[in-house]
Amino acid sequence: MKKRLALFFALAALLLIAPFAGAADYNQELILRELEYLKQKVKFQEMEIQQLKGATGDALDKKIEEKVDTKIATGESAKVSLANELIDQLEIKGDLRVRYERMDRDNPADDYDAQNRWRTRFRVGGVWKNKTENWEIGAGLATGGIDGTSTNDTWGEESPFETGDIRLDYAYAKHKMESFSFILGQQKNPFETSWLYWDGDLRPTGFTAKYKSDVGVFATLGAYGVRFYKNDKDTAMLLGGQVGYENIIGEVELLAAVGYQHFDSEFSDEQAPNPDYDYQLGDLYVEATIPAGAVKLTPYGHIWCNFGADGEDGEGQLGGTLNPGDEDLGWLIGLDAKIMKLFKVGYAYAVVGADSLYGGLKDSDFGAGLSSTDLKGHKISASYSMTKNISTGVTAFFYEADARENQKDVDLYQCDVVYKF
């Protein structure tokens with residue numbers, strides 16, 4: 001009986017344990033299958049992630065390549081641009097100009113004076129743009145000294161193989177609001193003008209507000225700190241405004257602008273030649289660009305007057321016997337031609353009355369070796385673009401005094417090689 005009971009319980013135990021054992025084996029198999037499935041799924045997802053990463057990288061590379069190709073196609077290959085999430089665009093550009101200059105001066109007494117020198121101009125700058133917030137920051141460096149109308153560095157001027165100076169050329173912030181823009185800081189000339197009226201290296205420091213409509217009408221207002229006078233502990237200001245029209249009519253590009261600039265009493269007290277003298281300049285500038293086959297012709301003209309040039313004989317900027325009221329007018333006419341985008345030639349004739357403008361801001365080349373005002377003469381130029389970024393050119397100035405007698409006649413020749421990057 002005991003053996004049967006033992007056998008019964010043994011069989012019962014087997015019958016009870018067998019289903020659980022089978023279930024365990026079955027669950028283990030299910031778990032293994034689930035793990036294999038999850039393993040394959042993870043592997044597949046990793047492959048997808050890698051493919052997506054590759055596609056994103058390729059797309060980004062392609063986008064950058066497209067930007068570079070666009071800049072090359074539009075002639076902007078001399079600029080370096082970097083795409084960035086925070087800064088939409090960073091552009092760095094500059095140029096190096098090496099110049100040989102010869103000046104021949106001949107006065108009525110037949111005394112001959114010649115000067116030969118080599119000069120370097122190096123400039124580099126960057127513009128950081130934020131298109132989302134419509135602002136940009138620009139800053140640049142250039143060779144030169146404290147003179148605001150020149151960035152040239154003369155070779156060995158003070159000592160053998162001397163090193164040149166690098167100074168701040170400009171530094172500004174610019175904001176855009178639809179048709180308006182506002183510029184704060186040291187900036188490039190914001191007014192439309194000829195090469196003579198304001199020197200090309202001049203960088204006014206202050207505030208500018210600009211407006212331009214869709215139909216071509218524009219206006220510019222500005223207030224600039226010309227100079228800080230330590231004795232008065234104050235900064236002399238220049239207030240300027242200009243209105244004009246710029247548009248394309250047919251195939252002709254037209255530009256016309258009328259401007260007015262007033263130097264305040266702080267400036268006149270220090271710079272004017274007599275107490276009644278003031279600097280109140282009005283000017284009219286016009287130009288047109290006319291296509292003629294492979295040639296583009298650009299005739300231009302500029303006339304200006306200093307309405308504040310008052311005083312008796314000899315009380316003008318240059319003294320002598322000149323009357324300021326008789327020397328308050330200046331004008332310029334010129335013609336530039338661009339041939340096949342390779343050659344440029346130009347000619348201009350100018351007369352600068354002795355009191356027609358403030359001589360310290362006009363082009364520093366026209367009049368070098370003679371005077372800043374009371375000038376008349378010619379400018380002839382020609383240049384050739386050897387490549388997109390390398391050019392050579394020759395400029396000649398021939399000028400003399402307009403109203404004064406017994407002054408030197410000056411011939412100035414400049415030969416340039418310019419590298420842009």
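A: A definition is needed to begin: a cavity is a set of grid points where a 1.4 Å probe fits but cannot get out, and its lining residues have an atom within 4 Å of a point. Please note that this is a predicted model.

Q: How many cavities of 30 Å³ or more are there?
A: The count comes to 2 cavities.

Q: How much space lies in the largest cavity, and which residues line it?
A: The largest cavity holds about 50 Å³ of space. Its lining consists of Y197, W198, Q261, F263, L281, L357, Y358, L361 and K362.

Q: How do those lining residues divide?
A: In the largest cavity, 7 are nonpolar, 1 is polar and 1 is charged.

Q: And the second largest cavity, what lines that?
A: Among its lining residues are N189, F191, E192, T193, Q242, G259 and D283. Y197, W198 and Q261 also belong to this lining. The second largest cavity has about 40 Å³ of space, and its lining divides into 3 nonpolar, 5 polar and 2 charged residues.

Q: Turning to the surface, which residues form the nonpolar patch?
A: The patch is formed by V243, V258, L284, V286, I303, L329, W331 and I333, which together have about 650 Å² of accessible area.

Q: Which strand gives the largest share of it?
A: Strand β14 does, with 3 residues. Both β12 (280-292) and β14 (329-339) supply at least two residues each.

Q: Where is V286, and why does it count as partly exposed?
A: V286 lies in strand β12. V286 counts as partly exposed because its relative accessibility is 37%, and partly exposed is the range between under 20% for buried and over 50% for exposed.

Definitions and conventions
Residues are numbered from 1 along each chain as its sequence is written. This is a predicted model: local features need pLDDT of at least 70, side-chain atom pairs count only at pLDDT 80 or more; totals for chains, interfaces and linings use all residues. Side-chain values use heavy atoms; hydrogens and water are left out. On a 1 Å grid over the protein atoms alone, a cavity is a set of points where a 1.4 Å probe fits but cannot get out, and a pocket is an open set with protein on both sides within 12 Å along at least five of seven lines; lining residues have an atom within 4 Å of a point. Grid points are joined across faces, edges and corners, and a volume is the space filled by probe spheres set on the points. Ala, Val, Leu, Ile, Met, Phe, Trp, Tyr, Cys and Pro count as nonpolar, Asp, Glu, Lys and Arg as charged, and the others, Gly among them, as polar. Patches are made of residues with over 30% relative accessible area and no salt bridge: like charges are joined within 9 Å, nonpolar side chains (Val, Leu, Ile, Met, Phe, Trp, Tyr) within 5 Å. Accessible areas come from the Shrake-Rupley method with a 1.4 Å probe; for residues, only the protein chains shown count as cover. A salt bridge is a side-chain nitrogen of Lys or Arg within 4 Å of a carboxyl oxygen of Asp or Glu. Helices (H or I, at least four residues) and strands (E, at least two) are DSSP runs, numbered from the N terminus. Buried means under 20% relative accessible area, exposed over 50%, partly exposed in between (1.4 Å probe, protein chains only).
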